Amino acid sequence: MNRIPETRIDEKAIKAWVISGLVLGLVWLAVPALAFYYSYKIEPIPQYILWSLLASMLVIYLVNALIVPKIRWQRWRYDITENEIDLQRGFIVRKRTVIPINRIQHVDTSQGPIYRKLSLSSVKISTAATTHEIPALDDETAADVRNKISLLVRKAKEDV
Amino acid sequence: MSEFKRQHPAAAVDQLFTLIRKNLVTFIILFFLSTRGNGNSIFLYIFFGSLVLSLVTGFLGWWLFTYRVHNDELQIKKGILVRKNLYLSKERIQVIDLTEGIVQRLFGLVKLEVKTAGSGTETATINAISRDEAERLRAELRGRSTTEVVAEVGEQSVDVIDDVLETWKLSKRDLMMAAITSGNFGLIASILGAISGQLDSFITEENLDFVIDHLPGASNVTLVIAVIVAIIVISWTLSFLGIVLKYSDFKVERTATDLIITSGLIERKHITVPYNRIQAIRFVEGVLRQPLGYGALYVESAGFEIKENERSITLLPYISKHEIQTFFKTFLPEYEQNELTIKPPKKALFKYIRRPNYLFLLLLPIAWYLFDYGWGILIFIPFFMYLGWVQFRDAGLNLSQNILTIRYRSLARVTAFIKQNRIQTIGQRVNPLQARRDLASLTVTAASGAKGIEFKIRDLDAGEVIEALNWAVDKRS
């Protein structure tokens, strides 16, 4: 456990996150859009406020959609061993979570529309208290991981 | 082979009362609307209509609710429009509650609630059955099968399982002390504050002038202070009464397999927690209680409960920290109190002292902008620094053979005891500032209610956090 987890998630994750960032991130642009609308239809707002608002939101939108996914992918590592599942991720705060195998209650895989297009799946691991997700694994890898975990769980529970 | 049974008819009365209580506001509004008119207002019909409807629903609800214990399962059929079959297998049962509410007490009955683990399930409630019947059900539904227990205690009669081995009672004096020091009046104060916000329309200039004219020496400032004091006194009284009602005749009993907690003055509760369902133990020393050396002890179990404040079960409302070890020995032999040997290192001290002030720095410009003497809140800085120092002093961790002990403080000091094999997840958090100093925070999750409960200790030495992760996943022989 002294070594940090090594397995990376699929590199297509970056593409998937960029697409979803570009789509869902449009919410950021809704704020300046509303401000412009308000300014022209109801009560004028000073131009410099409008434009700086637009600029800052645009920057957030683009950074969030184009740069963050790359870093997020680089930071995501996981490992599955006989005794535990070890997850490490985090953009600014580095988070590491260790789930003892025999505490796991169930594992499942899921995919949304973007993941499906890129044939990616995420694996969800549930304990009695929490649910954890390994995002963006290749469909085949995800199925393998799921089967491996459920096999390990069965083995660990027989041991006890 | 047992047959499906109905509850005592009092269940219908209970359901009627519950319906009325839930829709009390609607009923009152309807009542006033209907009496205001000239006698044949449409609201009068609606009012009586809904009363009759509640009666019918109450009766039908009782008539269509049947239950039995069969094949180690509690089976319940219920529902008026949508029929529901609820099957709870007894291996899944976490907690069994018996409650005597007001209606139940009138008829000498109890309410039985069976809680299972995990989300998506629900609590099975049988609203009104006789005490004997409830005891019989409880005996049938306990966490372990009878054969299992017989194998363990030998061939003695099965009654042995029910024998009370130890009893712990809350003395009158401790009940009073618990009520006096109950910390949750802050919550009630905020509720009252919200209510007084609603009263704005009554606090007009004229009314204020009237009060000021008639109370000698009253000014705006004294009035504000008076209102604050009044809110604190009222909320403290409410909280005092709440604790007295809830924990009167409080008693913990121990049998071979369960802890049984009984308490309450008007509504008597009777909670059975099987030993093998205990997820964690939590000792909370409130701000008012800690100086006296006292706190409250809670049990976390994985029974299904959505409401945050009902997830944990109070094991002891008021106990001295020196008595915990003795209590563990007699009632929770698998738990122990250990010295917290792993502490945050000295280099973390400044982080602790700074942290409570962060929020404050956000507030400062707002206060400065809004109030004449807004910068005056700066006088709170030493207080927050002190809080940070106390948080640093109290934080600690111990990893013994089987028990993880973790202590931390936000305002109240919390000490949690978790068995190694009850740790659901354990994690490490490192922010950039911590990374520079080789520090890390540790989070430990145990199951509690439908969700988990997280315990967190900040700024430990990174190496010691890794050690804790290793300890948690290590297989015990």
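**Pairing and contact in a predicted model**

Modeller: In this predicted model, strand 4 (residues 94-100) of chain A and strand 18 of chain B pair in the antiparallel sense over 5 bridges.

Colleague: What makes strand 4 of chain A and strand 18 of chain B a pair?

Modeller: Two strands pair if DSSP finds at least two bridges between them, and here there are 5 bridges, so the two strands count as paired. Within this pairing, A:K95 has B:R429 in strand 18 of chain B as its bridge partner.

Colleague: How many residues are in contact across the two chains, and what makes a contact?

Modeller: On chain B, 24 residues are in contact with 18 residues of chain A, where a contact requires C-beta atoms within 7 Å. Strand 18 of chain B gives the most to the side of chain B that touches chain A, with 6 residues. By class, this side of chain B has 12 nonpolar, 9 polar and 3 charged residues.

Colleague: Which order do the strands have in the open sheet of 4 strands in chain B?

Modeller: The order is 1-2-3-4, with antiparallel pairing.

Colleague: Why do strand 1 (5-6) and strand 4 (84-89) of chain B stand at the edges?

Modeller: Each of these two strands has a single partner strand, so one side of each is left without a neighbour in the sheet. Elsewhere in the sheet, strand 2 (residues 66-70) and strand 3 (residues 73-78) of chain B are joined by 5 bridges and run antiparallel, and B:T66 stands opposite B:K77 in strand 3 of chain B.

Notes. Residues numbered from 1 in each chain as written. Chains lettered and ligands numbered in written order. Predicted model: local features only at pLDDT ≥ 70, side-chain atom pairs only at ≥ 80, totals over all residues. Nonpolar A, V, L, I, M, F, W, Y, C, P; charged D, E, K, R; others polar.
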